[in-house]
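Subject: Structure handover

Hello,

Here is the structure I said I would pass on. My notes follow below it.

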Amino acid sequence: MGEERYGEFVLVRRHGHVAELVLDRPKVMNAVSTEMARSLAAACTALGADRDARVVVLTSSSERAFCVGADLKERNSFSDADLVRQRPVARGAYTGVLELPMPVIAAVHGFALGGGFELALACDLIVADATAVVGLPEVSVGVIPGGGGTQLLPRRVGAARAAELIFTARRLEAPEAAALGLVDQLTDAGRDREEALALAERIARNSPVGLRSAKRALRLGQGLDLRAGLEVEDAAWRATAFSGDRAEGVAAFNEKRAPEWPGE
């Protein structure tokens with residue numbers, strides 16, 4: 001299992017074809033500072049270009065939290081000009097996770113609030129343990145969700161439910177979060193990382209070309225009418241159907257063996 005560090009607060013661990021992207025600022029429950037945001041974006045850029053990484057799992061080294069969002073102590077010292085300069089750096093962290101081309105799973109425990117929950121929302125699937133507390137409380141401190149929350153949450157739970165959660169700024173404990181679809185899989189306390197990595201391993205057995213193409217079709221098709229969505233799907237199908245992975249998948253099926261994906 002190899003490790004690579006990006007700055008002081010972000011770590012990538014390798015588990016075969018699964019890459020674990022670790023938020024590693026536990027002393028402040030992974031509050032996202034400018035430096036941490038820059039490092040997270042850099043790690044995502046590297047992972048996006050890594051053809052050996054078939055699935056990414058976003059985890060936390062803090063026992064108490066997945067991520068509590070923006071570093072408000074740092075923000076408190078900012079002038080308006082500082083905030084303007086920092087905005088593209090902050091956005092780069094959230095869009096970095098959102099634009100990863102392979103499936104991404106968040107492993108959530110403890111607090112996942114504000115920008116922390118937005119990082120989870122930027123993933124394709126969210127595995128949460130029984131200690132998880134999620135929410136977008138930004139309007140309670142005079143801002144709005146700015147890491148994708150106003151766009152990603154309604155895509156998960158619908159416009160009216162998202163409006164209620166954002167306008168009230170309320171926090172949801174794990175059972176309600178699961179019932180409302182804010183998280184996808186609920187596990188026992190302390191098992192979120194283990195379960196997310198196990199899910200990632202199952203996904204990583206499949207064609208990397210197929211996985212990336214399926215994700216592209218899912219993402220690009222959101223919000224389109226059915227006819228346009230089917231055109232997106234057809235383009236993704238064509239990108240996969242003439243790949244080495246498709247040839248290997250068919251051959252392995254007929255030869256009754258496990259495929260050895262070329263990944264191209």
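How many aromatic pairs does the count come to? The count comes to one aromatic pair, taking rings of Phe, Tyr and Trp (its six-membered ring) to pair if their centres lie within 6.5 Å, with planes under 30 degrees apart called stacked, over 60 edge-to-face and the rest tilted. The pair is Trp237 with Phe242, edge-to-face, at 6.1 Å centre to centre and 80° between the planes. Trp237 and Phe242 are both exposed; here buried means under 20% relative accessible area, exposed over 50% and partly exposed in between, with a 1.4 Å probe and protein chains only.

Before the rest, the basis of these notes. This is a predicted model, in which local features need pLDDT of at least 70 and side-chain atom pairs count only at pLDDT 80 or more, while totals for chains, interfaces and linings use all residues. Residues are numbered from 1 along each chain as its sequence is written, and side-chain values use heavy atoms, with hydrogens and water left out.

Charges

Another ring contact involves a charge: Arg25 lies over the face of Phe9, at 4.9 Å from the ring centre. The rule asks for NZ of Lys or CZ of Arg within 6 Å of the ring centre and within 35 degrees of the ring normal.

Searching the whole structure gives 18 salt bridges, each a side-chain nitrogen of Lys or Arg within 4 Å of a carboxyl oxygen of Asp or Glu. One of them joins Glu20 to Arg13 at 3.5 Å, N to O. Glu20 is buried, its relative accessible area being 0%.

Asp124 and Arg219 form another salt bridge, with their closest N and O atoms 3.0 Å apart. Asp124 sits in the loop between helix H4 (115-121) and strand S8 (125-129), and Arg219 in helix H9 (residues 208-221), so this pair ties together parts that are 95 residues apart in sequence. Helices (H or I, at least four residues) and strands (E, at least two) are DSSP runs, numbered from the N terminus. Asp124 is partly exposed at 27% relative accessibility, and Arg219 is partly exposed with a relative accessible area of 25%.

In the salt bridge between Glu255 and Arg257, the closest N and O atoms are 2.6 Å apart. Glu255 is exposed at 51% relative accessibility, whereas Arg257 is partly exposed at 33%.

Strands

Strands S5, S7, S9 and S10 form an open sheet in the order S5-S7-S9-S10, with mixed pairing; two strands pair if DSSP finds at least two bridges between them. Its edge strands, each pairing on one side only, are S5 (65-67) and S10 (172-173). Within this sheet, S7 (residues 111-113) and S9 (residues 133-135) run parallel and are joined by three bridges. Phe111 stands opposite Val133 in S9.

Which residues of S6 are buried on each of its faces? Val104, Ala106 and Val108 are buried on one side, and Ile105 and Ala107 on the other.

S6 pairs in the parallel sense with strand S4 (residues 55-60) over three bridges, and Val104 in S6 is the bridge partner of Val56. S6 also pairs with S8 in the parallel sense, over four bridges. There, Leu125 in S8 is the bridge partner of Ile105.

Regards
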